[in-house]
Amino acid sequence: MAAISTAVPTAVHAAHAAPKVKSSIRKLNFFYGHTQALKNIEMDIYEHAVTALIGPSGCGKSTLLRCFNRMHDLTPHTRYEGEIRLYPDDVNIVSPDVDPIEVRMRISMVFQKPNPFPKSIYENVAYGLRVRGVKARSELDGRVEAALRGAALWDEVKDRLQEPGTALSGGQQQRLCIARALATDPEIVLFDEPTSALDPIATASIEDLIISMAGSVTVLIVTHNMQQAARVSSYTAFMYLGELVEYGPTNELFTRPREQKTSDYLTGRFG
Amino acid sequence: MPVGSQALEHQHIVRAFDEELSRLKSAIVEMGGLAERQVADAVRALAERDVDLAAKVIETDRRVDELEERIDQDAIKLLALRQPMAIDLRLIAMALKITNDLERMSDYAVSIAKRSQRLAELPELRPMQQLPRIGQTCLSMVKDVLDAYVERNPDKATAVWHRDRDVDEQYTSLFRELVTYMLEDPRTISTCIDLLFIAKNLERIADHATNIAEKIVYIIHGTEINRPRHEVE
């Protein structure tokens, strides 16, 4: 008779190093006047990964995304409470002491509708660099090319860099906006519904781009399209009525969510 | 209450999806009913030496195969068109696997029926009386696992899963008895081999019922049945 093994299985997850945290949201509340749009959000954003925020309209996902580059500062009667800590320097980016321009240098954003500046393709990408004081032509050229390559647009526009950005197709314009966002070497890129104005082919190329970007930057994306969240992200957060309901690896959230609300939303049984 | 069983009570916003899912579920129940009937009839045909009943079991196989094909096509269509998630995804993915288990059960019942037709012409051996007993255990497992599927009852499924060991024990004991018979009287070998295969088929039917039990638990909870330590080692 074989002796019964008394060995206890050792922790298997020890083989995988815990992902590095790029940013920590701590007790974050946000108010539009008297309306509380975010309620006590606690969440870690992992470095060099794509994190998707999903939830029905009005759940607070775009509000949360916009906190990351202080977009709300321009809206009157808004108020932040709590912290969004950005590492490695551990600065609270929603603190009134932190200059929003500094935040936007490190965290750039791509919007729902492509919004190129009414300038040439080249100048669209060079804009942020010029604001930062980069003047040397050779450096500008190199970084514009790198950003356009990073946005998978270089081959399509390299011979027409002086044409207006608005002359490009919708998908190309969105990739131009991504190149513009990448030009200043941001640490985090925020995407707010980046493909909802694009056709499926242009959408696929943006998704491909987002996935490949994750090797070098941290991506936070808001999307109404759950399949898109499933396709591009490693982590997904489900929000409802200003609260973070469930947050975890995308694969687990979509196959076996822990919370009833998440399950109802994912399976289209909401309400 | 687990997340899974609650979710199934809520309706989808797209009502057509609810109808498609419920059609898929009833097709599986229909297929399960046919396979259960085949197992029951095959065991009876063997016990009562009823070759006509055995022929009926063999005949039913075609309908089971047709249903399997239809369910698989429906499930693939649902995956492609509805992009199901969470419990819906688990339900549809498991439909594909459960039909496979049911189809195998049906095949084993056919195999038993064919052997029972041959055995009906040979003199009866004592171990033959043990087979219907194993058959009844298997049949109750098949019946209960189908009930657990209809009721979405993970506890009932887990209970079926635990009963697989009983069948394994009965099979082992019958196996020993048949070997003894063959050693004592080599003229019984051909009959005993048929009986051995029938016992093996019944044991496999119980295994497939056990598989379905695991899938029911996965549909509801999204997790595997936890195996007790002694079975893992």
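**Entry 1**

I take helices as DSSP runs of H or I with at least four residues and strands as E runs with at least two, numbered from the N terminus. The model I am reading is predicted. With those elements set, I place A:Asp185 in the loop between α6 and β7 of chain A. I looked up its backbone: phi is near 50°, a positive value in a residue other than glycine. Most residues other than glycine have a negative phi, and most peptide bonds are trans. I also checked cover. A:Asp185 counts as exposed, because its relative accessibility is 59% and the cut-off for exposed is over 50%.

I went on to A:Asn40. Its phi is positive, about 50°, and it is not a glycine. Where does A:Asn40 lie? I find it in strand β2 of chain A. A:Asn40 is at 45% relative accessibility, so it counts as partly exposed.

**Entry 1: the open sheet of chain A**

I read 4 strands in the order β2-β1-β4-β5 of chain A, forming an open sheet with antiparallel pairing. Which strands stand at the edges? They are β2 (35–46) and β5 (91–92) of chain A. Each has a single partner strand, so one side of each is left without a neighbour in the sheet.

Inside the sheet I followed β1 (residues 21–32) of chain A to β4(A): they run antiparallel and are joined by 8 bridges.

**Entry 2: the β4-β5 turn**

β4(A) and β5(A) form a hairpin, with 4 residues between the strands. I looked at A:Asp90 in the turn and read a positive phi of about 60°. A:Pro88 is in this loop between β4 and β5 of chain A. What kind of peptide bond joins A:Tyr87 and A:Pro88? I find a cis bond, with omega about 15°.

**Entry 3: strand β8**

Next I checked β8 (residues 218–222) of chain A. Is this strand mostly covered or mostly open? It is mostly covered, with 5 of its 5 residues buried. In a regular strand the side chains alternate between the two faces of the sheet. I see A:Thr218, A:Leu220 and A:Val222 pointing one way from β8(A), and A:Val219 and A:Ile221 the other way, all of them buried.

Then the neighbours. β3 (residues 50–54) of chain A runs parallel to β8(A) and is joined to it by 4 bridges. A:Thr51 has A:Leu220 as its bridge partner in β8(A). β7 (residues 188–192) of chain A pairs with β8(A) over 5 bridges, also in the parallel sense. There A:Ile188 is partnered with A:Thr218 of β8(A).

**Entry 4: the crossover**

With helix α7 (residues 200–213) of chain A, they make a right-handed β-α-β unit. In α7 I picked out A:Ile211. A:Ile211 is partly exposed, because its relative accessible area is 45%. Its C-alpha atom is separated by 5.8 Å from that of A:Val232, 21 residues apart along the chain.

**Entry 5: the largest pocket**

I looked up the largest pocket and read a volume of about 540 Å³. It is lined by 19 residues, and the closest to its centre are A:Arg104, A:Ser108, A:Met109, A:Phe117 and A:Arg180. Which elements give two or more residues to this lining? They are α2 (100–106), β6 (107–110), α3 (121–131) and α6 (170–183) of chain A. By class, I count 12 nonpolar, 5 polar and 2 charged residues in the lining.

**Entry 6: cysteines**

How many disulfides are there over all chains? I find 0. B:Cys192 is in no disulfide, and the nearest cysteine sulfur, that of B:Cys138, is 19 Å away. The cut-off for a disulfide is within 2.5 Å. B:Cys192 counts as buried because its relative accessibility is 0%. A:Cys177 is buried too, with a relative accessible area of 3%.

Terms used. Residues numbered from 1 in each chain as written. Chains lettered and ligands numbered in written order. Predicted model: local features only at pLDDT ≥ 70, side-chain atom pairs only at ≥ 80, totals over all residues. Heavy atoms only, no water. Buried < 20%, exposed > 50% of the residue type's maximum accessible area, 1.4 Å probe, protein only. Pairing = 2+ DSSP bridges. Right-handed = clockwise from strand over helix to strand, strands pointing away. 1 Å grid on protein atoms, 1.4 Å probe; cavity = no way out; pocket = protein on both sides within 12 Å on 5 of 7 lines; lining within 4 Å. Points joined across faces, edges and corners; volume = space filled by probe spheres on them. Nonpolar A, V, L, I, M, F, W, Y, C, P; charged D, E, K, R; others polar.
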